[in-house]
Amino acid sequence: MDKINSFQELKKYHENFVELLNLRKLSHEENIIHKREILVCGGTGCQSAESQITVDKLNEKIKESGLSNEVKVHITGCFGFCEKGPIVKVYPDDVFYIQVKVDDVEEIVQQHLIKGKIIDRLLYEEPSTKLKVNKQDEMSFYKKQERIALRNCGLINPEDISESIAEEGYMALGKVITEMSQDEIIKLISDSKLRGRGGGGFPTGTKWSFAKKYDSSQKYIICNADEGDPGAFMDRSILEGDPHSVLEAMAIAGYAIGASEGYIYIRAEYPLAIHRLRIAINQSRECGFLGNNILGTDFSFDIKLKYGAGAFVCGEETSLIHSIEGYRGEPQNKPPFPAESGLWDKPTIVNNVETLACIPAIINKGWEWFSSIGTETSKGTKVFALAGKINNVGLVEVPMGTTLREIIYDIGGGVKNGRKFKAVQTGGPSGGCIPAELLDTPIDYESLNSIGSMMGSGGMIVMDEDNCMVDIAKFYLEFSLEESCGKCTPCRIGNTRLFEILENITKGRATERDLDNLKELAEIVKDTSLCGLGQTSPNPILSTLKYFEDEFVSHIRDRKCPAGVCKELLMYEITDKCIGCTRCAKICPVTCIHGKFKELHVIDQERCIKCGSCYEVCPVSAIIRK
Amino acid sequence: MSSNTLPNEKFKELEEFIKTVPIDRGSLIEVLHKAQEIFGYLPEEVQDFVGEKLHISTSSVYGVVSFYSYFTTEPRGKYVISICTGTACFVRGAADILGEFERRLKITTGETTPDKKYTIETLRCVGACGLAPIVTVNGKVYGHFKTNDVIKILEEYSE
């Protein structure tokens, strides 16, 4: 594309490009053109399920059928409904196909594109009504969602800047740098009451105003895309599906505080997001949205990519800054905060991807609109990565104040395989486990803190009765322990000791004294660690102790794991229901099951490794787990 | 570890890359990424080389290499089997899958089989949680993985 030299010119481009999305935006009836567009999800989840091959096959079959002029196929960002991926959407018919495989392509072309017949078996079936639904908006998964940060994911082709411009891309930047002063834009963001979506919840406008007030020859904007929370993938999906919104917001932030350089610190484990960002940065420079004299003004700003190298602690802003500088990613004491002395000792703003993605929307639609959504203290929406033992795994964006029950049952479709809900974990390794009796809690930063968890980056993992809470606490603590940088003693040694106690509990070696020690030490680590990692690493222990203490007690007093997870506390036995089919003996990896054909079999308990293979394979459920 | 096992052309390739970045501390991690891409791992000679070219002491380079889990100083096997142990995969049984791989290959996480064929690693969330639990082999994703699939994967990658 050519360079765009003024805001006026950008507005014209926007007007011209709007029709690019007509097929996707207007209803079937309004579209008189007999053309179709097919959007195929190109997020990491769907691409892992080979959506790219589906795109290639679609193009091949469309060409074979002579439809190349009538039908266009585009890759788009994450639709969010990852459980049912790969997703294929046909416009203007507005038909949402799920779990589309390469073998389905022929039928889509023959039946849908040529004969205009919707393919029933590829539609989503609403579990409550058992009816097939073809429109996205009518699916229960989407009904309660409100998409701000994800507004363009699943709508535009992220590798085509003109589609971004059609959706008001860079219009907010144009408006800010031509019509607003630095203080006006900071006030607007403050008034919107946007808070950091990376977990801390610090007001974004306030952060910007701090960085603005320090005089310095250079200042920096950093986009924190080091999404380390296992099970959270919203930042990656935004960067894959709508990279331009993040670039635009960084330039706006640069203008607001007086910075001319920005860095995106992204996990090296996100190759697709890196690929799309590179394309987006190049396109944005070509159009003159990055570089010198943006849109013909005096404002200059450019962005570089920096790769992380697998260290969770680098999500903490001072660690992240050290990593960009080429050092070990260890945190340092605050103050001074990065807004005063950050990257190369210059005033620096570190904002999370989701926070940035909201900013152009706030400027285009106004702070009043944004602050009208949400609760008293937390405005706007929040994206959650819903995963674990839930029917609809995926990315969901809901207004702040939505209850956990609405997210898990109305949107998430409830617990998988009809099992009983036990807990939901929010906030990743820094958060806590929330039990069933608190499911009606409306979510915001404060409410989650008050029940011993936290917002975190938005991971939301559902657990059922087969999950052992002690094991879960141990899992998170092991994560924090591995990721502890070792700089401060409470985190390095305290977490090691906490882990040992949990290990003893799950192995049936603990005493009741250990439970008191666990509580006391967890509080000490929380109070005395240097950075956010150590200060929050005991949260999974403290919250499981608070709500599921009986499970800890069973492990310690009765030497039993109620969920049947902790292997050392388990025992498999063959009851007299055994028909002597020998299947268990054959599958046993350590050949510790003996018995003659058609006779009762016996497990040698001394040699049993408790793998559970026999339990799974027995055709008459003769094997019991104690 | 002697330098004659590392081909000169690889050092040349790395040197060419270093010429394209600013010679300062801020380039270190980027250069190490490239070096690992070229050599497959970061042995002492490579760390020496990077330090010399960027004017940083080898001990500082080692400090960075050892800090970040993405960098490895040991050569890896022909097939790198990574088991996702992100939370979503964990609650859907990733620990059992990992255990089964370890038992069958008789190595533990992070190790490589003596014939240099397989390396077992864990990774934290590839973000395809809808397919949990996940195993990747040299980057190829296998979703909805079951412990019974372990043997199938080892057969598929037996060459």
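I started with Gln136(A), which sits in the loop between β6 (132-133) and α6 (140-143) of chain A. Helices here are DSSP runs of H or I with at least four residues, strands are runs of E with at least two, and both are numbered from the N terminus. Before going on, I noted that this is a predicted model, where local features need pLDDT of at least 70 and side-chain atom pairs count only at pLDDT 80 or more, while totals for chains, interfaces and linings use all residues. Residues are numbered from 1 along each chain as its sequence is written, chains are lettered from A and ligands numbered from 1 in the order in which they are written, and side-chain values use heavy atoms, with hydrogens and water left out.

Back to Gln136(A): buried or exposed? Its relative accessibility is 11%, so I put Gln136(A) down as buried (under 20% relative accessible area; exposed is over 50%, partly exposed in between, with a 1.4 Å probe and protein chains only). I then listed what Gln136(A) touches, skipping neighbours within four places in sequence: Phe79(A), Lys89(A), Phe96(A) and Tyr142(A). Contact means heavy atoms within 4.5 Å.

Most residues other than glycine have a negative phi, and most peptide bonds are trans. With that in mind I looked up the exceptions.

Tyr170(A) has a positive phi, near 70°. I found Tyr170(A) in the loop between α7 (161-166) and α8 (171-179) of chain A, and at 1% relative accessibility it counts as buried. Lys610(A) also isn't a glycine, yet its phi is positive at about 55°. That one belongs to the loop between β18 (602-603) and α25 (613-617) of chain A.

Then the cis peptides. Gly85(A) and Pro86(A) are joined by one, with omega about -10°, and Pro86(A) lies in the loop between β2 (71-76) and β3 (88-91) of chain A. In chain B, a cis bond links Ala132(B) to Pro133(B), omega about -10°. Pro133(B) is in the loop between β2 (118-123) and β3 (135-137) of chain B.

**Chain B by itself**

I counted seven helices and four strands in chain B, running α-α-α-α-β-α-α-β-β-β-α from the N terminus. An automatic or database assignment sets the domain bounds: domain 1 is 3-67 and domain 2 is 79-156. Their C-alpha centres are 30 Å apart. Along the principal axes, the C-alpha atoms of chain B fill a box of roughly 50 × 30 × 25 Å. Of the 159 residues in chain B, 53% are buried. Among its contacts between residues at least 6 apart in sequence, 65% join residues at least 24 apart.

**Where B meets A**

I found three salt bridges between the chains (a side-chain nitrogen of Lys or Arg within 4 Å of a carboxyl oxygen of Asp or Glu). One of them pairs Asp96(B) with Lys567(A), 3.3 Å from N to O.
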